[in-house]
Amino acid sequence: MALFEVPGWSVPSAPVSEISQSTSKKRKRPVPQDGDKLQSAEVNLDKLMRKLAGDSKDLDKQAPKKKKTKHEKPHVENPQGNGHKSVVVNAKKGKGKTSLNSNAHTPETPDKKSDAPAKKKKDGKSRAVNHASKDGSTAEPPVASTSQSGLTSLQKGMKDSLDGAKFRWINELLYKSDSTEAVKMMKDDPAVFDEYHSGFRHQVQLWPSNPVAHYITELSSYPKKTVIADLGCGDAALARGLQAKKINVLSFDLISDNAFVVEADICSKIPLPGSEPSSGPKSEGEAQVIDVVVCALSLMGTNWPNCIREAWRILKSGGELKIAEVASRFTDTDEFVSLIGSIGFKLHNKDDRNSHFTLFDFKKVPQVAKTEKEWSKLMSKGSLLKPCEYKRR
């Protein structure tokens with residue numbers, strides 16, 4: 001029976017041993033003795049050494065040198081085929097002489113220990129090159145630029161954000177509380193006043209125009225003997241701006257800076273002479289000092305109408321009241337004008353061309369005496385101006 005069943009061809013079914021015996025013509029060599037083996041090996045080794053020495057010199061002259069790459073293993077030329085390869089292998093295993101590698105002129109495998117220091121040196125050089133500048137000097141790692149105050153740009157940005165957050169928090173408290181509460185807050189922590197006005201100055205830079213700057217320009221043309229009362233003056237920018245014009249500005253706010261500002265609660269009592277009509281016909285009171293009252297973004301607190309009442313009391317006859325307020329605060333402009341008129345003023349001009357602020361010019365007019373009940377009703381209309389609130393971020 002055939003060994004393989006493949007259509008078209010077949011293999012004889014004779015035993016494999018019989019086929020190999022009949023077809024093999026290989027002659028068996030006599031088994032040499034141990035002494036013959038040693039002598040034969042020495043003779044063959046000498047012949048091979050002479051052959052390798054002569055052939056390798058010829059090859060070195062003819063063959064171009066091959067550039068060794070980083071990961072390339074040493075390559076040994078083999079002019080005599082497997083004989084050369086076996087000698088090299090035996091030399092590696094310790095069966096041949098160690099001088100075979102040097103006689104064959106084969107590239108030697110680099111010693112890892114000797115190469116290690118060179119590699120470290122190279123790496124160190126490369127790192128030095130990375131930190132070196134074009135002019136050869138060593139470049140230090142980049143350091144964030146610092147401002148004059150010693151803060152980096154990142155720290156300055158964070159401080160500005162923190163100052164802005166403090167300003168918004170204080171601002172809302174001032175708008176939503178009574179002036180007496182604001183006074184208590186400033187007395188308990190005087191730093192609040194500085195933090196508020198520091199944030200206010202930063203906020204002013206974002207406005208398209210500044211009402212205080214407008215009033216400095218407008219009032220610069222007034223007579224030199226004009227006396228102005230700046231109610232809720234902040235850092236007294238109006239007084240500083242008009243100082244060169246020889247115009248007298250009395251500045252009032254919750255905290256004094258001991259230079260321009262007089263400490264006072266403008267919604268309670270302003271320390272200036274003046275009076276209201278007590279009885280009888282219409283009167284303009286007895287004030288003889290203030291020609292102009294300015295309220296530039298200062299009608300804060302829920303009891304702000306009392307500031308208008310105080311303005312009427314300290315103004316001379318025919319004196320001027322100038323109000324600048326955030327346009328978005330007005331619930332009803334006509335109602336606001338009506339309230340100011342009920343206290344004793346007549347509107348002369350209104351400027352709402354600015355998208356952020358509305359400007360009003362009033363003049364003091366005579367009024368009749370009012371009862372405490374009538375005053376209480378007028379003073380309770382503080383809701384005509386909404387508090388300034390900022391979006392939570």
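Guide: Let's look at helix 11 (residues 305-314), which packs against helix 13 (residues 372-379) at an angle of about 125°, the two axes being 8 Å apart. Helices here are DSSP runs of H or I with at least four residues, strands are E runs of at least two, and both are numbered from the N terminus. Axes are lines fitted to C-alpha atoms, for helices over the stretch in contact, and angles run from 0 to 180 degrees between N-to-C directions. So helix 11 is oblique to helix 13; that word covers whatever is left after under 35 degrees (roughly parallel), over 145 (roughly antiparallel) and 65 to 115 (roughly perpendicular).

This is a predicted model, where local features need pLDDT of at least 70 and side-chain atom pairs count only at 80 or more, while totals for chains, interfaces and linings use all residues. Residues are numbered from 1 along each chain as its sequence is written, and side-chain values use heavy atoms, leaving out hydrogens and water.

Who touches whom? Pro-305, Asn-306 and Arg-309 of helix 11 meet Trp-375, Leu-378 and Met-379 of helix 13, with contact meaning heavy atoms within 4.5 Å.

Now for the sheet: seven strands make an open, mixed one, ordered 3-2-1-4-5-7-6, where pairing takes at least two DSSP bridges between two strands. Strand 3 (261-263) and strand 6 (345-351) are the edges, each pairing on one side only. Helix 11 packs on this sheet too, touching strand 1 (227-231), strand 4 (290-296), strand 5 (315-326), strand 6 and strand 7 (357-364). Its direction makes about 150° with that of strand 5.
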